[in-house]
Every structure is written in structure tokens, then in C-alpha cells.
Amino acid sequence: MIVGELKPIDELLKMIDGYNTILIAGCRGCVTVCNTGGEKEVSILASALRMAGRKEGKPVMIDEITLERQCDHYFVSSLRDLFEKKTYDAVVSLACSIGPQYIAEEFDNIIVLPGLNTVFMGGPVEQGIWAEYCSACGECQIHNFGGMCPVTRCAKGLLNGPCGGSFNGKCEIDNTTDCVWELIYKRLKKLGQLDLLSELVRPKDWSKSLSGGPRKMIREDLML
Amino acid sequence: MKSQTNLQTILGRGHFAVTCEVTPPLGANLDSISLIASELLGNVDAVNVNDNPSANVRMSSWAICKILLDSGIEPVMQMTTRDRNRIALQSDLLGASALDIKNVVCMTGDHPVKGDHPQAKKVFDLDSIQWIEAVKRIRDEGRLINGNKVEGIPGFFIGCVANPFVESQELHIIKLKKKVRAGAEFIQTQPVFDTKRFGIWLNMAKDHGITEKCYIIPGIIAIKSIGMAQYMSNNLPGIIIPDFVIDRLNGVPKDKQREEGIKICIDQIKELGDMKEVKGIHIMAPGPKANTAEIIERAGLLPRPQISKQSVE
């Protein structure tokens, strides 16, 4: 899933300063699952902003809505009915950054504010803790690495083995982060695939990643 | 027929090589480099120049390499893949060759979050092995990573680094073998404090055929004080200082710790020099007042062999 993190309340207050009528839009996709941008979080944020506004003598009118998915023009366009009935100074989207961009694309006269920081693609590793697993490099090779991604989970993205900086199985950047190369090694050993580690992995083709520019996937079989 | 570097010839002829390390200055003042150069001239075979060590900004490695060269000292240019992509690395390598900088150590480098610009974008387009292979390809085939031909094939003596004190030895030996396969001709190691543990690693390297293809040059550092030992243990990734070294330093009064550090260092050089597969020593204490020349002299490593400039392969 895409993991998001609510922006600090001070940053949000600064962002909405001067706007009197606001719509907070949540998303029932990834950000609901990671407890940052679903219906519940929309409601909590709305209350917090209303209270803060009252406290500072700048009351703000806030409506709440949660869409099925903000990364889908079909659902985003459903906001049109609402916008026809009521005028909002700004929309705070609690989706990953795809959501506010879709809203901006759909409605050229509406100011859109990101309520979240989109932090990574990953998942929960224990209650209350999420970790990054994928960086969408565009060419998945994890089968060569015991099913783990060194591009993302090695701090240096090394493809030919570990650096010399890990200690007690942890990464040199932070002693709470596993050295993924230690994990890859242990798993390949268990699977009887250690010979994979001896392969010289050639320089990666980064043109398939964001380095090659914003990407598009074209499926002619699905095109109208 | 390509001319060999001084370091390459010394190792090739079976002499025990002596290299050391300097850190480029922070700023445009070259006084510290002049001081080090005059201290080291004639006392070492080659001098490594760090590439933004610990991910802290310093003057570029190639500039200091050129300055050393002009002072009569052969440089070893360290190149990390942390800050430059394959375009910049290959370009700088060709530039270095034009300046007659021919010893290159290819490494990945410490992560930027450990340095003085933790907000910097990391690069790591290549890893150390891919970079070693690229340098070898330029030298041996005259071709860039993309296969394009370069004009005038430069000669390089290619080195890499290794940490003998890691936990999963097997994993790291597999990687080291790949470095050698990719083209590394000499290995300078992280500082050795525990020579016995280093010996175990060296045997493992020998069993894997690394020592017959590659010169092993262990690193050492003279510790000047208990404070320095603690700082290194706590702040430098991959460095472990064993208790018996700390105990030796603690066993002397504070004003004698510097001298004790040098003595430990000299003892270590002798112990390492007795190991058949050790082909030289890399004295890593960078900066002025590092006592490098004193250590070299007291360890009986002078005079250094003189190689005529016309030496060819």
C-alpha cells in the first residue's frame, strides 16, 4: 500500500490560514488502511481544525467527505455535485499525493491542499509501525535477492552485496533498521541459493525508474 | 605496454608497500596539505586522498591528488559512488588520467545521512563492484559502460576496500571475490586493531583465492588517546576497537597515550608484516600531526624503494 503520514497540525493551520470554508476529503484506499486518511481521520482532523480556529478567533466552516478512491477520476468527479451546491475556499485532501493532484486536474477552479505527506510504498511490520518495501524502480529483480529488495531496503541500494558499515545485523544509518543484505544472505543460504550472491549484477537501468522522467503505462488492450 | 604506477611496481616487485591517507582541506587553504606532503615525501610509496570522507564536504579528491603529484608524491584517488552517477564518475576518471592520476580506489562511500549535509540526495547509481568493473573496462577495452569507444586508453591501477571485521564473513568474502573478479588489483582494509582476527580473515581470503589475485594491504591507525578511540568506535561505521587496545592505552598516564598508540601501531605493523599474504601497510591517520612519518621510520620501513620513472610493464 501507499503509506501516508498526517502533516503536523501547525503546518496545516498555516496552509488553511485565510480560508473560511473548507472541505476535508478522505480516501477509502491505502490511507484508510494505514490509519491516516480515512473517514475517521477526516473527522478527527476536522474537529481539531475547527477547535483551533475558534481558539484563535478565526472560526472556519469545515465539511467532511470520504471518497472511495481519490486516484480514480470516476470517484473524484463525484465531488462536482457538491461543488455545484456549495463554494469552498479550499479542499484539504487526506489521500496520498495522487488524490489532491487528481482533484486539481478535475477542478481547475478549486484550491487543493495536501493534508498528508506521502511517505512510501510498504506495509505494517508490527502494530503501529510501517516500513518501506518498494521504490517502484520499474524493473523488479527481487527473485535474485531471496525475495527482498536491496534497491529500497539497502540504504545505499547496493546490488552486489553489503557495504562494510553494518553492525549487529543493522544498517550504518540507523541501528533500528535491518541490514537487508544480512537478511538476503540468511534467506538465500536457507534456500540453498547462495550461488546467486556470486553473480555480478550489472549497473541498473535507471531509465525505467523516475530517473527516466515521469512514467506512463500503456495497455492497448484496455484502450477505447 | 602501459606504464605502471609507483605503487604497482613496488607491489609487483615484491617490496612491502607503504601507503597512507590524507583528507583534503575544508576550504581553499592548502597549508595542511603542504605540511603533510613535506612530511611524507620519500617516506611513503603512495598517498590515498579521501573522497568527501564520512560524507562531509571537502576539497575534491582529484585536486589534492594533482597537488600531491606536483609535490613529488604519487596519489591514490579514492572515488565513491555516493555523490556521482556513472556519467560524472567516468568523466572524472578520464580527467584524472589526463592529470596523470593513475591509482584509483573504488568504493561505495558512507551514507549521506551520516555526513554534514544529511539532506543531500543520495546517488549510488553504481555500487563499488560495478564501478571497479567500469574502470577496468575503460582501461582494458577502451570502452565506457554504455560500450562507446574512448580515444586514448588510460592506464589505471585499480584498488578496492574491505572490512575484515564484519559479522557475516562468508557474505562479505563472496562480495570481495566479486570485487576481484570485477578487476580490483589491490585491497586496502579498514583499520586493523585485532591482528589475530585479521589473520583469520586473511586465511579465509586465501582459501577463496583472493590473495593470489590481489595485493592485500591492511590499514592501521595510531590511536592518540582514549577519547579518540571512543570517538572512532562510536562514530565510524565498521570500526571496532578491541578491549586489549583500550587496556594498553589505559595502562599508561594520559600524557604517554600518544606514545603508547604509536607503539601499538608499530607492534601491529610487525605482526601484520609477518603474515605472508600481507603485501604492504596502509597508515590511515589522516591530517597533520598524525605521526605517520615517525611510525614508518620506527617500524623500520625506511628507506622506501626508488623506482625509476621509466619503468614499464
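The model is predicted: local features need pLDDT of at least 70, side-chain atom pairs count only at pLDDT 80 or more, and totals for chains, interfaces and linings use all residues. Residues are numbered from 1 along each chain as its sequence is written, while chains are lettered from A and ligands numbered from 1 in the order in which they are written.

**Sheet in chain A**
- Three strands of chain A form an open, antiparallel sheet in the order β1-β6-β7; strands are DSSP runs of E with at least two residues, numbered from the N terminus, and two of them pair if DSSP finds at least two bridges between them.
- Because β1 (2-6) and β7 (129-134) of chain A stand at the edges with a single partner strand each, one side of each has no neighbour in the sheet.
- Five bridges link β1(A) to β6 (residues 116-126) of chain A in the antiparallel sense, and Leu6(A) stands opposite Leu116(A).

**Strand β7 of chain B**
- All six residues of β7 (residues 215-220) of chain B are buried, that is, 20 or more other C-beta atoms, placed from the backbone, lie within 10 Å of their own.
- Tyr215(B), Ile217(B) and Gly219(B) cover one side, and Ile216(B), Pro218(B) and Ile220(B) the other.
- β7(B) runs parallel to β6 (residues 186-191) of chain B over four bridges, and parallel to β8 (residues 280-283) of chain B over two bridges.
- Gln188(B) stands opposite Ile217(B), and Ile220(B) has Ile283(B) as its bridge partner.

**Contact between the chains**
- 23 residues of chain A are in contact with 28 residues of chain B, contact meaning C-beta atoms, placed from the backbone, within 7 Å.

Technical notes
Contact = placed C-beta atoms within 7 Å. Buried ≥ 20, exposed ≤ 12 C-beta atoms within 10 Å, placed from the backbone.
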